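Visitor: I am new to this structure. Please take a close look at one part of it, the space inside.

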Amino acid sequence: MKDIILTGDRPTGRLHLGHYVGSLKRRIELQNKGGYDKFYIMIADSQALTDNFGNVQKVRDNVMEVILDYLAVGLDPQKVTFFIQSEVSELTEFTFYYMNLVTLSRLERNPTVKEELKQKDFNNSIPMGFLTYPVSQAADITAFNANIVPVGDDQLPMIEQTREIVRSFNNLYGETLIEPKAVLPDNENSYRLVGTDGKAKMSKSLNNCIYLSDEPEEIKQKVFSMYTDPDHIHVSDPGKVEGNTVFTYLDVFSRPEHFEKYLPEYKSLDELKVHYSRGGLGDMKIKKFLNEILQELITPIREKRKEFAKNPAAIMKILYDGTMEARKVAHKNLIKLKTSMGINYFN
Ligand code: TRP
């Protein structure tokens, strides 16, 4: 059987470098490698509503921002089916049946949900929709028979939960669903790219992001105010590489040709690290280097994005066509699901 790949993002903001290394890069590789049967990328607006129910307009506006980011990084509607989650109503039906296969305490134990609940401020009034979004995520994946889900590591608990639901379903109603597998980025620093402030995760709410649509000045300003080593005061001081955001980013983004081009006095990142640790290498120099690398990465993305943004109707057509296709597939698989369950009264 050929692979069916599915992944997606909540449209709550423009995509940033954390998305790029954590997931988009892998998607582009998979797309270009080809050989799969289908590749779906879903804009998870219904899921975004589970913690933005009072702010539908924000979610709605960001559907466009996210699809622009997808196209700008090189995801190709000829090879990938893009669709909008809320427009495939079959997904809610899948979710409803899966709810019976999951306990409340299991949902409360989901580490990603737990982490998010801590950040949110729902106090003791957790909306059911939010708590159960992992179940709807199982629906997203299984409604398309996806076996490969390229995601960042914060999504692993969702895939695990999906696998459990699949096993329960198949045990109860017979082999119907496929257990999906997560595919993570290959560089461990990319699993969860730290923010420019050195905090755990690049995240819009923490205001520590470099966006794929940032202008050159914004990128520069963000790189130059990055968290480094607070004890590295004079250039001659020995510096710490570990926990130094600039070096974490260099680990993720720098390649040998960047040294040749922008910093020929060093052959490799290791050499640069040794010098920094010994002392005598200033933050300015490493920040300048990182800025060059990020400008080189983001410039073509930003330019392409601006081109696509000139024609919103064409973008909506891509989403419309993809959504119609997704509906058909989800519908077919829903009939299959209900047949397995024995709730197919009229056929
Ligand atoms: N939870 C994902 C996020 O936070 C979005 C998402 C929804 C998703 N459904 C999915 C990802 C199915 C992969 C597969 O961005």
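Guide: In what follows, Ala, Val, Leu, Ile, Met, Phe, Trp, Tyr, Cys and Pro count as nonpolar, Asp, Glu, Lys and Arg as charged, and the others, Gly among them, as polar. The model is predicted, so local features need pLDDT of at least 70 and side-chain atom pairs pLDDT 80 or more, while totals for chains, interfaces and linings use all residues. Residues are numbered from 1 along each chain as its sequence is written, and side-chain values use heavy atoms, without hydrogens or water.

One cavity of 30 Å³ or more is counted (on a 1 Å grid over the protein atoms alone, a set of points where a 1.4 Å probe fits but cannot get out; a pocket is an open set with protein on both sides within 12 Å along at least five of seven lines, and lining residues have an atom within 4 Å of a point). The largest cavity holds about 40 Å³ (the space filled by probe spheres set on the points, which are joined across faces, edges and corners). Its lining is made up of Phe94, Thr142, Asn145, Thr176, Leu177, Asn333 and Lys336. By class, two of these residues are nonpolar, four are polar and one is charged.

The second largest pocket has a volume of about 380 Å³. It is lined by 17 residues, and Arg60, Val63, Ile84, Glu87 and Met316 are the closest to its centre. Helix 2 (45-49), helix 3 (56-73) and helix 15 (312-341) each give at least two residues to this lining (helices are DSSP runs of H or I, at least four residues; strands are runs of E, at least two; both are numbered from the N terminus). Here 10 lining residues are nonpolar, two are polar and five are charged.

Next comes the ligand. Its shell has 14 residues, of which Arg10, Gln47, Gln137, Asp140 and Gln155 are the closest (a residue counts if one of its heavy atoms lies within 4 Å). Strand 1 (4-9) and helix 8 (133-142) each supply at least two shell residues, and the largest share, four residues, is from strand 1. The shell divides into six nonpolar, five polar and three charged residues.

An N or O atom of glutamine 47 lies 2.7 Å from a ligand nitrogen. For aspartate 140 the distance is also 2.7 Å, and for glutamine 155 it is 2.9 Å. On its own the ligand has 360 Å² of accessible area, and the protein covers 92% of this (by the Shrake-Rupley method with a 1.4 Å probe).

Terms used. A polar contact is a pair of N or O atoms within 3.5 Å; within protein, one must be able to donate a hydrogen and the other to accept it, and residues adjacent in sequence count only if both atoms are side-chain atoms.
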